[in-house]
Amino acid sequence: MENSQTLIKDRIVFKAIVGSMAYGTNVEGSDEDIKGVYMQSPEDVLNFGYQEQVTVNKDEVYYELRRFIELCCTGNPTMLELLYTPKDCIKFIHPSFEILIEHRE
């Protein structure tokens with residue numbers, strides 16, 4: 001069975017540092033928290049394998065694009081934090097996700 005990281009590896013459209021390291025409140029020994037967004041494959045969606053969230057480990061979580069947008073529309077603070085991530089905290093951004101960033105207002 002594939003692990004969570006392998007399942008979404010090529011489908012990540014956004015990956016960012018969040019938490020204390022993003023806000024500059026980290027201390028020695030602080031871990032790096034990562035959150036991101038991925039696009040589920042059409043095959044998985046059509047075969048009823050849709051996953052709205054993938055937890056790689058306690059410090060790394062990814063939200064499926066549709067779920068991410070749903071949560072943004074309800075004002076979810078975690079998703080809004082991702083949507084407004086400072087540029088220096090972005091580890092990866094796919095051009096398709098940049099459209100959301102450009103229209104986030």
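Residues are numbered from 1 along each chain as its sequence is written. Because the model is predicted, local features need pLDDT of at least 70 and side-chain atom pairs count only at pLDDT 80 or more, while totals for chains, interfaces and linings use all residues; side-chain values use heavy atoms, with hydrogens and water left out.

The sheet comes first. Helices (H or I, at least four residues) and strands (E, at least two) are DSSP runs, numbered from the N terminus. Two strands pair if DSSP finds at least two bridges between them. On this basis there is an open sheet of five strands, in the order β3-β4-β2-β1-β5, and its pairing is mixed. Its edge strands, β3 (53-57) and β5 (90-93), each pair on one side only. Neighbouring strands are turned by 15 degrees against each other on average, direction ignored; axes here are lines fitted to C-alpha atoms, for helices over the stretch in contact, and angles run from 0 to 180 degrees between N-to-C directions.

Strands of a sheet pair through backbone hydrogen bonds, either parallel or antiparallel. Strand β1 (residues 12-18) and strand β2 (residues 33-38) run antiparallel and are joined by six bridges; Ala 16 has Lys 35 of β2 as its bridge partner. Helix α4 (residues 65-73) packs on the sheet and touches β2 and β4 (60-64), its direction making about 85 degrees with that of β4. Helix α6 (residues 95-102) also packs on the sheet, where it touches β1, β2 and β5, and its direction makes about 110 degrees with that of β5.

Strand β4 runs parallel to β2, with five bridges between the two, and Gly 36 has Tyr 62 of β4 as its bridge partner. With β3, strand β4 runs antiparallel, through four bridges; here Gln 53 is partnered by Tyr 63 of β4. A hairpin of two residues joins β3 to β4.

How many residues of β4 are buried? Five of the five are, so the strand is largely enclosed by the rest of the structure. Buried means under 20% relative accessible area, exposed over 50%, and partly exposed in between (1.4 Å probe, protein chains only). Both faces of β4 are covered, with Glu 60, Tyr 62 and Glu 64 buried on one side and Val 61 and Tyr 63 on the other. In the loop between β3 and β4 lies Asp 59, which counts as buried at 19% relative accessibility. Leaving aside residues up to four places away in sequence, Asp 59 touches Asp 31, Glu 32, Asp 33 and Ile 34.

The whole structure holds six salt bridges, a salt bridge being a side-chain nitrogen of Lys or Arg within 4 Å of a carboxyl oxygen of Asp or Glu. One of them joins Glu 60 to Lys 15, with the closest N and O atoms 3.9 Å apart. Glu 60 lies in strand β4 and Lys 15 in strand β1, so this pair ties together parts that are 45 residues apart in sequence. Glu 60 is buried, at 12% relative accessibility, whereas Lys 15 is partly exposed at 22%. Glu 32 and Lys 91 form a salt bridge at 3.2 Å, N to O. Glu 32 is in the loop between α2 (20-23) and β2 and Lys 91 is in strand β5, so the parts tied together are 59 residues apart in sequence. Glu 32 is partly exposed at 33% relative accessibility, as is Lys 91 at 43%.

Within helix α4, Arg 67 and Glu 70 are three residues apart, separated by about one helical turn, and they form a salt bridge with the closest N and O atoms 3.4 Å apart. Arg 67 is partly exposed, with a relative accessible area of 25%, and Glu 70 is partly exposed at 37%.

The buried residues of α4 are Phe 68, Leu 71 and Cys 72. They cover an arc of only 105 degrees around the axis, so they lie on the same side of α4; the arc is that of the directions from the helix axis to the C-beta atoms. These buried residues pack against β2, β4, α5 (77-83) and α6. After α4 comes Gly 75, whose phi is positive, near 80 degrees.

How values were computed
Contact means heavy atoms within 4.5 Å.
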